[in-house]
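Dear colleague,

Please read them with the coordinates open.

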Amino acid sequence: MSDPDSFRPAPPPPVAGSIAAQAMPRRMAPDSSYLEGLNPEQRDAVLATEGAVLVLAGAGTGKTRVLTCRLAHILSSGLAYPSQILSVTFTNKAAREMRERVGESIGAAVEGLPWLGTFHSIAAKILRNHAELVELKSSFTILDTDDQIRLLKQVIQSEGIDEKRWTPRFMATLIDGWKNKGLTPEKLPTKETFKFAEGKGGKIYEIYQNRLKVLNACDFGDLLLHNITIFNNHPDVLNKYHRKFRYILVDEYQDTNVCQYLWLRLLAQGTGNLCVVGDDDQSIYGWRGAEVDNILRFEKDFPGAKVVKLERNYRSTGNILGAASGLISANQDRLGKTLWTEDEGGELVTVTGVWDAPSEARTISSEIENWRSRGRNYNDVAILVRASRQMRSFEERFIALGLPYRVIGGPRFFERQEIRDAHAYLRLVVSETDDLAFERIVNVPKRGIGQTSVQKLQLASRSMNKSLEFATSELVKTDEIRGKARTALKAFLLDLKRWRADSQALSPVDLAERILDESGYTQMWRDNKDAKSQGRLENLKELMQAISEFDTLPAYLEHVSLVLDMESGPQEDEVSLMTLHAAKGLEFPLVFLPGWEEGVFPSQKSLDENGMAGLEEERRLAYVGLTRARERAKIYFAANRQVYGSWQSSIPSRFIDELPPQHVTAESDTGYYDHRGYAEEVSESFAASFDRGRSSPGWRRYEQRKSSPPTINATARRKPIQDTSSDFSVGERIFHQKFGYGMIKSADGSKLTVAFEKAGEKKVLEGFVEKT
DNA sequence: CGGTGACTAGCGTAT
DNA sequence: CTAGTCACCG
């Protein structure tokens, strides 16, 4: 839980080069082998330990290496103890990786780095130590998005606001945004408050915060915000941390939001030894409140800051790097770096047009099988999509082929319904005041406690100013609630009591198993005939596995609320499937980039909401995607995509036009034009928009790049309309893969109207029919 | 109280 | 298309 020495006065700061420092006992061998193999800039970044340092690290320039070496250097030269270094990352994955790599580079001698973690986990740790300063108990619970929204829903209802017009979800987004900007309800500008329900936004925010206090809870945003409040109001506390943290390191600085910036600035006021590492070209979290400005402004914020640029790329081939650099140069708002590599050449980046998403999945799958048959691994391969919904067609295809894959990110394990339900049980057993948990499971599985009963309980709870569970225990003594509901509630209360008694004797995992068993929760899913229930039961099993690694339930719950990703299991040879956002920081020899279509990527929503800034962020995302590839990068776009269940034609992404031609080649897709097995019906409106799409710059460029001999239908497409009609004539009998035999009734360019013997009259593209 | 069917709004990225 | 909500009925 809390760091045992977090309040011990820090040992006297050893000053580099001082007699004291030289005389300090060395726990590590005083060698500096970790410096070997660093290039001059990297070495610079590692050795500049004092003062403010900004390391501008382009993609693949050895950023993680510099960070870990820097840590190793500070530790092994005795500048600070492990507990005196604050290193912050954004993701748990990054934190884990850094911990591992520091361990490797200086040996097991480092007894952990207690203050290495994500912004949120470190802020939570600090907050637990001073919770009372913001009217919380140190046992506060951390709400997930789901709890947050349910709570807001109650608040909105109680204020008599139409929750259809003003959704709790929207309010949650607003509050998140405010917290990211460091705005507490008191500091909220009036203008902001009008973003919700005609000026009631601020009031809702305030009520919500009060409810959180009563519930002894905070949401994600609160973790840092409360830290800042504490630091501002209690200089003595801040001072403690100033004395404690001799060195501060921040990874992915371009992703910090205002709140995180304020937090860092407060902490860095101590020694001033703040080193931030980042790349403005990889800032992809603007929607989450990240301010690229933080990194662009660093030298102003910390005068005299040393700036080190890492521009030598060790990851990708010259062509991949060239394509990525060319693309990103279309952005206006950047510091500007020039990445270079000694690895000139390599394969050209490919661009391939396909018919639709399933075809895209087929094409990519067979590319993967090719790769594999040439003796390479599935592990080398990643498919990076813009939005998680794009993953579906790939998963379907992979399952059909038996191709092993893993989804990274995606719907998160701990956000699944069954896992949240199970957690609610555990939370309630640990803390009887956890009303949100109570509400969630009081009637799961169904116990006959309906909405009306729950409302009565809430009313009672509010009037007594006590927890729901307490109110329940009072209410069942009266005749306020009758019949089935009353019996069920009584039984439920007894269950809870018994489990709490059990919790003294049983290990967390045994207790959890007993609870899920005795509550009938597991049985509920066993009885459920839905296709997904089997998976849910398996998830619950996996959950037990996770719990079994903890000695106490509270320790587990703390872990869960912050560490939202499961450690990936044993490394098997699998293709990785993930969003572009999840791919940051990773690299793969072979990278597929599907869905490069206007509207999908760049995302229409991003463009609509944020205009040019949104477009630039999308472009940075494309840059991140390309720079993940070491040897080969392959881009795809589909001519058709299903949106909200209906088909829409799409045109290639403008990003394809922005790739420098010398690094790119257009590939034709065999599974697209001349693959008889995948004919599709083509509607009139589609054919029209398809032609429109084909005249877009993207298509033109694509056609120009096609150096390989055109395939049958690619040729047909380019022919003037009159020519195509000569291939088929009215009255001719034809065969269509999907609709069978038919007779041509009329022809309009490449579009044929055919009377099929079985399927009736359809309009089809002539490319999909054959003469009989 | 709970189950069923009709209807409607949402799919963008995530600690 | 899918999940979530609402009205109605047993």
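A residue is called buried here when its relative accessible area is under 20%. The model is a predicted one, and in it Phe 245 has a relative accessible area of 1%, so Phe 245 counts as buried. Trp 115, with a relative accessible area of 0%, is likewise buried.

A search of the whole structure returns 23 aromatic pairs, and one of them joins Trp 115 to Phe 245 in an edge-to-face arrangement, with 5.2 Å from centre to centre and 75° between the planes. Because Trp 115 belongs to the loop between helix H4 (92-106) and strand E3 (116-118), while Phe 245 belongs to the loop between helix H11 (235-244) and strand E6 (247-250), the pair ties together parts that are 130 residues apart in sequence. Ring pairs also bring Phe 231 and Tyr 241 into a cluster with Trp 115 and Phe 245.

Two charged side chains deserve a look as well. Arg 297 places its charged end over the ring of Tyr 261, at 4.8 Å from the ring centre, and the charged end of Lys 466 sits over the ring of Phe 470, at 5.3 Å from the centre of that ring.

Finally, please turn to helix H28 (residues 604-626), which has 23 residues and would span 33 Å if it were straight, at 1.5 Å a residue, but which spans only 21 Å between its end C-alpha atoms. At Asn 610, H28 bends by about 140°.

Notes: Residues numbered from 1 in each chain as written. Chains lettered and ligands numbered in written order. Predicted model: local features only at pLDDT ≥ 70, side-chain atom pairs only at ≥ 80, totals over all residues. Heavy atoms only, no water. Phe/Tyr/Trp six-rings, centres within 6.5 Å; stacked < 30°, edge-to-face > 60°. Helix = DSSP H or I, 4+ residues; strand = E, 2+ residues; numbered from the N terminus. Buried < 20%, exposed > 50% of the residue type's maximum accessible area, 1.4 Å probe, protein only. Lys NZ or Arg CZ within 6 Å of the ring centre and 35° of its normal. Expected span 1.5 Å × (residues − 1). Bend = angle between axes of the 7 residues up to and from the residue.
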